[in-house]
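This report concerns a sheet and a metal site. The structure is shown first, and the description follows.

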Amino acid sequence: MHSSPSKATQSRFRLTFLGAAGTVTGSRYLVEAGACRVLVDCGLFQGYKALRLRNRAPFPVEPGSIDAVILTHAHLDHSGYLPRLVESGYRGPVWCTPATRDLCGILLPDSAQLLEEEAGYANLKGSSRHHPAEALYTAEQAHRCLRQLRPVAYRETFEPVPGLVATLFPQGHILGAASVALEFQGTRLVFSGDVGRPHDLVMNPPSPPPESDWLVVESTYGNRRHAGAALDEEIEQALSPVLARGGVVIIPAFAVGRAQLLLHAVISLQAKGRLPAVPVYLNSPMASDVTALYERYKAEHRLTHQDLDLIRKVTRVVNSVDESKALNRRHGPMIIISASGMLTGGRVLHHLIAFAPDHRNAIVLSGHQAGGTRGAALAGGATHVRIYGEDIRVKAQVIAISSASAHADADELLDWIRGLGRSPRAVFITHGEPDAADALRLRIEHELGWCACVAEQMQSVDLMMPVADGDPAAQMHDAGRSPPHESTIGQDQ
Ligand code: ZN
């Protein structure tokens, strides 16, 4: 551990929000327990340029001073900074579920490859202002950090640092996703991670939160309700007219979870004759590896062996870059599912360049589009998107479907929070755009009568403070005004 504890620090239990405050990306929470430091989630910032630049800034806490990392799940906005953290000196264990470890083994090297490809492409085109553009991390660095992953089963307690007892609970959402309960000297803090949906077509429902003194909850859909229609109906209505007119359907999708859900929905509709049997391409190098993980972690989802078999047989997996380019010369009708889900990078950008200018085609947005991303621009009716320094005209139809989300909507979130049973001292709301976070805060206060506040970047809260001190929200804001303590974490990035 990084320092010898004084009496004052022995009983310290403090939470600092290092990310996912006022935004849906960059999940990073610092928990100080005694003299030790634990980082819960180690995500990339995505979306607005000002946010992405935070990935380049020095980490707000000296990485070598962190004693343990715990990941809620493998999505890059929760795990994608890990290679850089390790590169900057983090040497400790990274606790996560076995499926999260396996998914990180696929996702992090892929993320590095995309970052490297983008940097290479930017250099080729001269579209980067940094000369030369450098990837945030390399595939080699991504592979190196994987050695530090320590799998631990759901509901099995472990002690990441002395005196701090941790437990991971299944959360639906994607394979391996967990909420994290931390207990230190009788005080308990729970992180929701990303909350899955009670009636997802593929994933199991999230388990209710364990009783807790403090809760940190995501709010991606804190102000929205998913469509009442079932996902298969929504997809049938969106895709049928496009395929009937010979169009190409581009579905940007997160490669883990979302892609499999969409494949399952599309292929089941084709099998039932509700969609024409046009070719279905999955243009993501890691796709078949991820589908294999669904076989390994059968207990975490609802897909049968037959469902998985059908997906494997029908899906045309695009592996090489040459195959990906060849796809852009093909004509519709066809369906292409490709990452990334918010059009922030990846091979889907080349499909956009090829197919967006044709009005017969369609771009089907299937999940939350963070502000500042091309996906959000398209959802907002943009007629052009900028890709590799060029403006691409968008004449293709843009359709947003909402029932493919792997996140609980506002009602489902509130139901999940209600599952705590007794009222916590406070609920901290993170991982949402400001509107969504504040809407959830109001509902928690009005419908549950609990104290809730929207977390702000770099704010700290003392989790051991006496109850008599009253309003944790006020206490938190005080902490936000003064540097939290002696280290570098008081400096904003
Ligand atoms: Zn997630």
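## Sheet and zinc site

Seven strands, that is 7 strands in the order 6-5-4-3-2-1-22, make up an open sheet with mixed pairing. Strands are DSSP runs (E, at least two residues) numbered from the N terminus, and two of them pair if DSSP finds at least two bridges between them. Strand 6 (149–151) and strand 22 (460–462) each have a single partner strand and stand at the edges, so one side of each lacks a neighbour in the sheet. From one strand to the next the twist averages 25°; the axes are lines fitted to C-alpha atoms, with angles from 0 to 180 degrees between N-to-C directions. Strand 3 (residues 36–40) and strand 4 (residues 68–70) run parallel and are joined by 3 bridges. Val-40 stands opposite Ile-70 in strand 4.

The model is predicted: local features need pLDDT of at least 70, side-chain atom pairs count only at pLDDT 80 or more, and totals for chains, interfaces and linings use all residues. Residues are numbered from 1 along each chain as its sequence is written, and side-chain values use heavy atoms, with hydrogens and water left out.

The zinc ion is coordinated at 2.2 to 2.3 Å by His-73 (NE2), His-75 (ND1), His-173 (NE2) and Asp-194 (OD). Donors are N, O and S atoms within 2.8 Å of the metal (3.2 Å for Na, K and Ca); water is not among the atoms, so sites may look incomplete. The donor residues follow the spacing H-x1-H-x97-H-x20-D. His-173 lies in the loop between strand 8 (164–170) and strand 9 (178–184), and Asp-194 in the loop between strand 10 (187–191) and strand 11 (214–218), so the pair ties together parts 21 residues apart in sequence.

Notes:
Helices (H or I, at least four residues) and strands (E, at least two) are DSSP runs, numbered from the N terminus.
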